[in-house]
Amino acid sequence: MHCRPTSFVRQPLVLIAIVATLVPAPLSLHAQDSRTVVEPFFPQLCTTLDAQLQASGGSLAPADEQKLDTDRIQKAIDKCGRGRAVMLHVNEQNNAFLSGPLELRPDVKLIIGVGVTLFASRDPAAYATSAGSCGIVSHGLGPRGCKPLISVDHAPNSGIMGDGIIDGRGGEKMLGSQYSWWDLAEQARAGGAQQVFRLVVANNSDNFTMYRVTLKNSPNFHVVYDHGDGFTAWGVKIDTPQRLARNTDGIDPGDGAKNVTITHSYIRAGDDNVAIKGGAGGATNMTISHDHFYWGHGMSIGSETNGGVSKIRVFDLSLDGPDNGIRIKSNGSRGGLTQDVAYDNVCIRNSPNPITLDTAYSANGPLQGNSPPTMRDIALHNVRVSGGGKITFNGYDPAHRIAVKLDGVQIADNAQYRYELDHADITLGPEPTNLQLPAGTDSTITGKPAEGNPASCAQMFVPFPQ
């Protein structure tokens with residue numbers, strides 16, 4: 001699939017096929033999802049479920065907290081024929097559903113209708129994988145004491161669609177507790193693991209689709225896609241507070257994932273906006289295009305790169321106010337080879353760390369180890385930065401380096417910038433690049449900085465859609 005920017009037209013929720021192909025991109029930036037990706041469409045319905053609850057002040061009335069819709073939603077999914085969908089629908093003044101864990105089935109879609117909010121239950125027991133395993137900070141328990149809200153396990157061709165909302169309610173107090181899910185994440189900073197649920201977790205589910213739906217306030221990662229071939233997120237919105245919502249990544253395609261497209265989406269999160277995680281199974285053939293990121297930890301690769309990360313293309317992306325912009329992170333305990341990664345037409349403003357390639361990421365493990373990271377064949381083209389910050393190319397050691405080409409990478413203002421350069425080999429040009437890189441430690445710079453006329457980013461920064 002070759003891609004270049006196309007317009008994204010918001011359509012009403014009707015049951016028609018929408019086929020809007022992506023058209024060819026410049027030959028220098030072939031999209032690396034090897035599928036031919038077109039805009040998804042809403043399938044025929046097998047059933048419509050009417051809402052029986054009302055949202056009140058952005059959440060549910062306390063009297064409704066025990067009125068779970070889990071069983072009737074799950075039964076509808078289980079009975080739905082392949083190639084069809086279950087729709088959650090507004091019914092007069094009722095516009096809300098309340099659910100514990102759900103499981104999608106092969107070739108069945110769940111549609112969250114216009115005006116509908118699917119609220120996650122605040123009862124930790126509903127998600128527990130064993131008695132008392134969820135809604136705590138654990139010491140010695142495995143990393144996943146909670147089931148996800150929506151599990152997509154060995155369910156190929158399934159999906160979550162619609163113009164409604166799935167709200168994980170991460171900032172609300174758990175039932176029977178004085179703490180919220182996010183409070184547990186803060187408590188775990190002192191040690192232990194927060195046992196909280198994720199919104200959507202897909203494993204071994206080829207051709208999984210998320211289309212137009214809004215996800216918000218997940219207690220942990222919003223979307224995880226592992227061990228699958230084919231994942232499309234198109235027109236998805238993820239909306240979670242900037243602070244006090246720790247570990248709330250937006251979309252994380254990871255271990256054993258390939259052929260992934262994340263496009264026409266808007267993401268602001270309490271952690272990585274997108275994080276490509278190359279665990280033991282690696283991560284490859286991914287396209288992130290025509291997207292807008294806001295607060296969060298940026299367009300990230302890592303920190304797991306031990307299985308290898310390759311054939312990644314990121315283009316037509318704005319990053320407005322994130323803690324990090326373009327970011328590849330790893331360390332000696334989980335490092336591997338990251339290669340063949342290209343960024344094109346990226347605008348970054350008001351980020352403390354607009355460009356960071358770092359092999360000493362330390363949030364989740366020791367800096368040194370038996371799995372050192374290497375980054376090579378990394379290319380940044382037509383990247384514009386404003387608002388100041390630190391630009392880092394920090395290789396691991398003389399044998400495990402960073403090799404990056406900076407072609408048309410421009411500082412577009414007079415703000416203050418700092419630089420770090422270690423065990424790195426930098427090539428500048430041929431298009432003008434004006435970074436004032438130091439000599440660094442055990443590093444080489446080929447080419448000379450030059451001023452150019454960077455394209456304006458004014459059209460790329462847009463408000464988060466309400």
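Trainee: Is Arg212 buried or exposed in this model?

Mentor: The model is a predicted one. Burial requires a relative accessible area under 20%. The relative accessibility of Arg212 is 2%, so this residue counts as buried.

Trainee: Which residue meets the side chain of Arg212 in a salt bridge?

Mentor: Side chains of opposite charge can pair when their charged atoms come close. The N to O distance for this salt bridge of Arg212 is 2.7 Å. Arg212 sits in the loop between β15 and β16 (214-216), and its partner lies 49 residues away, in the loop between β11 (159-161) and β12 (165-167). With a relative accessibility of 13%, the partner also counts as buried; the residue is Asp163.

Trainee: How many residues apart in sequence are the parts tied together by Asp272 and Arg327?

Mentor: These two residues form a salt bridge whose closest N and O atoms are 3.4 Å apart. Asp272 is buried at a relative accessible area of 1%, and Arg327 counts as buried at 10%. Asp272 belongs to the loop between β22 (266-268) and β23 (274-276), whereas Arg327 belongs to strand β27 (residues 324-329), so the separation of the parts they tie together is 55 residues.

Trainee: Are Asp229 and Lys258, which form a salt bridge, buried or partly exposed?

Mentor: In this salt bridge the closest N and O atoms are 4.0 Å apart. It links strand β18, which holds Asp229, to strand β21 (residues 257-263), which holds Lys258. The relative accessible area is 27% for Asp229 and 37% for Lys258. Values between 20% and 50% fall in the middle class, so Asp229 and Lys258 are partly exposed.

Trainee: Which residue has a side chain joined to that of Thr232 by a polar contact?

Mentor: Thr232 also lies in strand β18 (residues 229-234) and is buried, with a relative accessible area of 5%. Leaving aside neighbours within four places in sequence, its contacts include Val37, Pro40, Phe208 and Thr261. The C-alpha atoms of Thr232 and Phe208 are 6.5 Å apart, although 24 residues separate them along the chain. The polar contact spans 3.0 Å, and the partner is Arg35.

Trainee: Is the ring pair of Phe42 and Tyr211 stacked, tilted or edge-to-face?

Mentor: The whole structure contains 7 aromatic pairs. The ring centres of Phe42 and Tyr211 lie 5.3 Å apart with their planes at 45°, so the pair is tilted. This pair ties the segment before β1 (45-50) to strand β15 (residues 208-211), parts that are 169 residues apart in sequence. Phe42 is buried at 2% and Tyr211 at 0%, and the geometry asked for is tilted.

Trainee: What is the angle between the ring planes of Tyr294 and Phe464?

Mentor: Tyr294 lies in the loop between β24 (283-293) and β25 (299-301) and Phe464 in the segment after β35 (444-446), so this pair ties together parts 170 residues apart. Both residues are buried. The rings are 5.3 Å centre to centre and edge-to-face, with an angle of 75°.

Trainee: Which residue has its charged end over the ring of Tyr361?

Mentor: A charge lying over an aromatic face is found for Arg349, at 4.1 Å from the ring centre of Phe461. For Tyr361, the charged end sits 4.7 Å from the ring centre, and the residue is Lys329.

Note on methods. Residues numbered from 1 in each chain as written. Predicted model: local features only at pLDDT ≥ 70, side-chain atom pairs only at ≥ 80, totals over all residues. Heavy atoms only, no water. Phe/Tyr/Trp six-rings, centres within 6.5 Å; stacked < 30°, edge-to-face > 60°. Helix = DSSP H or I, 4+ residues; strand = E, 2+ residues; numbered from the N terminus. Buried < 20%, exposed > 50% of the residue type's maximum accessible area, 1.4 Å probe, protein only. Lys NZ or Arg CZ within 6 Å of the ring centre and 35° of its normal. Contact = heavy atoms within 4.5 Å. Polar contact = N/O pair within 3.5 Å; in protein donor to acceptor, adjacent residues only side chain to side chain.
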